[in-house]
Structure formats: structure tokens, C-alpha cells
Amino acid sequence: MPSELETPSDGVDESEKNNYGDREWENHTKQTDLSELLKEGTKESHDRAENTQFVKDFLKGHIKKDLFKLATTALYFTYSALEEEMDRNKDHVAFAPLYFPMELHRKEALTKDMEYFFGEDWREKVKCTEATQRYVDRIHYVGQHEPQLLVAHAYTRYMGDLSGGQVLKKVAQRVLKLPSTGEGTQFYVFENVDNAQQFKQFYRARMNALDLDLKTKEKIVEEANRAFEYNMQIFNELDKVGSLMAKESQDGELLVHDRRGDVRKCPYYAAQEGKGAHEGSACPFKSVTGILRQPNLQVILAAVVALASGLMAWYFM
């Protein structure tokens, strides 16, 4: 007669009970895997980033080369900071297993892209905008004070580059008529990664093997969401600059005509109409807009717009 303390098996044999225990442990392990925590914990941020106006326009092919050049500039400053801190912490126990400079580092590729777009003296022409600088400052802080959180920034950037970045490369080459040989899009080329999907699986496995407690993993997820937020701020900044460039382009079509078309649409010629002063002279707006189209001044213009946006946001807080 069975004791009252015994639990009836109800037809479940010992092997089935063991299998159930294994499955329960596997589910628990999966829920605490860093890669799963990051995937679930950043899903909303990921969706928001994909739905920023800049990204949507990019995917639709609505991007000008000048704006693409500014986006490449933002990437250059971001990866310069990230890879500097990764090099600094390559032996840190919480990051060393994820250090893959040959396979992942992008600064060298971005340097080639910058030279292609801006010329050999590109370092003298470009500036870091406000939104990008905030991202850069955060990366440096993390690398110097909380190296374990570098995992969040590496995950957010490199896993995205190996995935959606490849789609953006094809769009850029098609819309901007960039060379099929890769000039201008070296950032998207991972020469030492033969199979992106397999490498991502391997990278996630390395993440899951990191000796981190649950509290630290949760902080990494929080930092990854912060990284997405920094990226979205850069996208929004680029969107504002793109809108400004589009407006300048429209204005340029009306102002710059050298007496071709309807002169009444030009404020210069309209003001001079009937005075004969415009005979043999050219509209001064042609020179002004020509200067504004120079790449180095566009970067400065972008920085000014970003600064103004930041000041307005601060004023209305």
C-alpha cells in the first residue's frame, strides 16, 4: 500500500519525467541567454529605429548622395570610438570572447569610403555632428568605466551590419549609381566573414557563454536600448538635414537659371525688371548656391542645423 507521501505517477514513467525536467531546464536557460534577452528586450527599439523617416526613405531609395555622405561620416566617428574602446578592452573577461577585429572592425573600410566621397584631405572637411558626438561620448564612457556594457554596443552595431546593412548597400549602389566594385560602400563588405548567418550564430553563442549574472545581463539590455536611441537621434538629425537640402534644391531650381526660363520667378531679376540692370549680368544666387553645394560646407551646415535643433529642444524642455 503506497504511503500518503508518495506522488502517483498517473502513467508517467521515470524517463518521461526526466525528459520533462530537461525541457524545463532548456526553456529556463533559453530565457536567461543573453542573446535571447537582447532580442526580446530590444524588439521595440529595433522596430522604432526601422520606422524612422530616414531609414524608411533610404529603403525606398529616396536618398541623395550628399546625405549618404553625411551618414557615412556619422558611421566613421561612431566606429572609430567603438573600436578604440574594444581594442582597449580586448582582454577584459566580460568582452574578450567577442573581440573579432579581423572579421568585424569597420573603421578601415569607412576610411576608404570617406576618401572616396571627400578626397584625400577628407579629415580636414568633416565634422562630428551633435547627435553623433553624444553617441561617441557614451561609447567612450562605457569603455572606460563599464566595459561589460560594450557588449550592448557591439551587438547593436555589428549584428545589424551583417543583416539589414546588406540591403542598404544594394539600395545605395542602385540609387546613387555607386560603382559595383565597392567604392563608397566598403563599410558593408565583410571580407573575412564567409557566411554572415553562421557567424551571427557563433557570435550569439559566444555572448551566451559570457560569465555574467542576470543583473549584468539586464544592464546590457538596457544599454542596447540606449544604443538604439542614439542611432535614432542620428537618423532624425539626418532626416532634418535631408529636408533642408531638399528645400535648398527646390529654391536653387527657381533661383539659378542665368536668364533662362521665366525671370519673374527669380527675386533678383524681378527686382531689376525694367531697370535694365540685369542685362549682361548673372544672378548672384547662382554663386551662393554653388558654394553651398561644396561637401565641406554641407557638413558644417549639418552641424549648425544639429546645434540649432539641440538648443530648441533644450529651450522647450
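Contact here means heavy atoms within 4.5 Å. On that basis, in this predicted model, residues 24 or more positions apart account for 76% of the contacts in the protein chain with a separation of 6 or more. The chain contains 15 helices and zero strands. Of its 317 residues, 40% count as buried.

Two packed helices are described by the angle between their axes and the distance between the axes. Helix α9, residues 150-162, and helix α11, residues 196-208, have axes that come within 10 Å and cross at roughly 165 degrees. Because angles over 145 degrees count as roughly antiparallel, α9 is roughly antiparallel to α11. The crossing in which α9 passes α11 is left-handed. On the α9 side, the contact is made by V151, A154, Y155, M159 and L162; on the α11 side, the residues are A196, F199, K200, Y203 and M207. Sorted by class, the contact of α9 with α11 has nine nonpolar residues, no polar residues and one charged residue.

Helix α9 also meets helix α5, which spans residues 65-88. The axes of α5 and α9 come within 11 Å and cross at roughly 130 degrees. The two helices are therefore oblique to each other. Here too the crossing is described by its hand: α5 passes α9 in a left-handed crossing. From α5, the contact draws on L75, Y79, L82, E83, E85 and M86, while α9 supplies L150, H153, A154, R157, Y158 and D161. The residues of this contact of α5 with α9 divide into seven nonpolar, one polar and four charged.

Y116 counts as partly exposed because its relative accessibility is 37%, whereas F117 counts as buried because its relative accessibility is 10%. Another pair is formed by F199 and Y203, whose ring centres are 6.3 Å apart and whose planes stand at 35 degrees, so the pair is tilted. Because F199 and Y203 are four residues apart in helix α11, about one helical turn separates them. F199 is buried, and Y203 is buried as well.

The last stop is a loop residue. E191 lies in the loop between α10, residues 165-175, and α11. Because its relative accessible area is 63%, E191 is exposed. The C-alpha atom of E191 is separated by 9.2 Å from that of L104, although these residues are 87 residues apart along the chain.

Note on methods:
Residues numbered from 1 in each chain as written. Predicted model: local features only at pLDDT ≥ 70, side-chain atom pairs only at ≥ 80, totals over all residues. Heavy atoms only, no water. Axes fitted to C-alpha atoms, helices over the stretch in contact; angles between N-to-C directions. Parallel < 35°, antiparallel > 145°, perpendicular 65-115°, else oblique. Left-handed = near helix turned anticlockwise from the far one by under 90°. Nonpolar A, V, L, I, M, F, W, Y, C, P; charged D, E, K, R; others polar. Buried < 20%, exposed > 50% of the residue type's maximum accessible area, 1.4 Å probe, protein only. Phe/Tyr/Trp six-rings, centres within 6.5 Å; stacked < 30°, edge-to-face > 60°.
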